[in-house]
Amino acid sequence: MNELRIVRGTDVRLSVGETPLFGVTAFSAGEKAPCHQVYEFLSAKPCETVPQGARYELELSVMALFDGQLPRERFTLCVEDGDSCYRYENCRVTEQKTEVKGNEGAVERIFIEADRMEKRRNEHE
C-alpha cells in the first residue's frame, strides 16, 4: 500500500472542487488494490487472484468548528503541494467521528473513499 501523509504544513492546500477546506489538522491517503479470487470447481483454495484496479482510502482531521465542509454527494478532492496536484475523484464520505481529548479542541475525523487518483504538475506562470 502506498501512503501519503500530511501532518502539518502551510504550503499544502486542500480543496473540494474550487472551494478550499479550512481547519484541516491532518491528512492521509492510502492506495488499496482489491482482488477477486478465482476458484476451481469443488476446490477450497483459489487457483488465481485477479486485481480489480485501485481504491483510495483518505482520512482528514478537521477542527470541529469547520465541520460540514464536505458535500453529501460525490465530489473531487484536490491536494496541492506547490509543484503537484493530486486529484481524488468520485469521493464519498464513509464515516465521521468526533474526538475530544482533554484540554485540546474537538476534532472531526472524516474517512473518505475515492475511486481514482490523478497526479498533475502545476503550471506556474
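Tutor: A residue counts as buried under 20% relative accessible area, as exposed over 50%, and as partly exposed in between. Please keep in mind that the model is a predicted one.

Student: Is C35 buried, exposed or partly exposed?

Tutor: The cut-offs to apply are 20% and 50%. C35 has a relative accessible area of 45%, so the class for C35 is partly exposed.

Student: Is C85 buried or exposed?

Tutor: The limit for a buried residue is under 20%. The relative accessible area of C85 is 8%, and therefore C85 is buried.

Student: How many disulfides does the structure hold?

Tutor: A disulfide is a covalent bond between the sulfur atoms of two cysteines. The sulfurs must lie within 2.5 Å to count. For C85, the closest cysteine sulfur belongs to C78 and is 4.6 Å away, which is too far for a bond. In the structure, the number of disulfides is zero.

Student: Which secondary structure elements make up the protein chain, and how many are there?

Tutor: Along the sequence the pattern reads β-β-β-β-β-β-β-β-β-β-β. The count for the protein chain is therefore zero helices and 11 strands.

Student: What share of the contacts between residues at least 6 apart in sequence joins residues at least 24 apart?

Tutor: A contact here requires heavy atoms within 4.5 Å. Among contacts in the protein chain between residues at least 6 apart, those joining residues at least 24 apart make up 59%.

Student: What percentage of the protein chain's residues is buried?

Tutor: The protein chain exposes about 8,800 Å², of which carbon and sulfur atoms supply 46%. The chain has 125 residues, and the buried share of them is 26%.

Student: What is the geometry of the aromatic pair found in the structure?

Tutor: A search of the whole structure gives one aromatic pair. The ring centres of Y56 and Y88 are 5.9 Å apart, and their planes meet at 70°. Planes over 60 degrees apart fall in the edge-to-face class. The pair of Y56 and Y88 is therefore edge-to-face.

Student: Where in the chain do Y56 and Y88 lie?

Tutor: Both Y56 and Y88 are buried. The pair links distant parts of the chain, 32 residues apart. Y56 belongs to strand β7 (residues 55–63), and Y88 to strand β9 (residues 84–99).

Student: How many salt bridges does the whole structure contain?

Tutor: Side chains of opposite charge can pair when their charged atoms come close. The distance limit used is 4 Å. A search of the whole structure gives a total of 14.

Student: Which strands does the salt bridge between E113 and R92 link?

Tutor: The side chains of E113 and R92 meet at 3.5 Å, N to O. E113 is partly exposed, at 23% relative accessible area. These partners are 21 residues apart, with E113 in strand β10 (residues 107–114) and R92 in strand β9.

Student: Which residue forms a salt bridge with R109?

Tutor: R109 lies in strand β10, and its partner in strand β9, 10 residues apart. The closest N and O atoms are 2.9 Å apart, and the partner is E99.

How values were computed: Residues are numbered from 1 along each chain as its sequence is written. This is a predicted model: local features need pLDDT of at least 70, side-chain atom pairs count only at pLDDT 80 or more; totals for chains, interfaces and linings use all residues. Side-chain values use heavy atoms; hydrogens and water are left out. Helices (H or I, at least four residues) and strands (E, at least two) are DSSP runs, numbered from the N terminus. Buried means under 20% relative accessible area, exposed over 50%, partly exposed in between (1.4 Å probe, protein chains only). Accessible areas come from the Shrake-Rupley method with a 1.4 Å probe; for residues, only the protein chains shown count as cover. Rings of Phe, Tyr and Trp (its six-membered ring) pair if their centres lie within 6.5 Å; planes under 30 degrees apart count as stacked, over 60 as edge-to-face and the rest as tilted.
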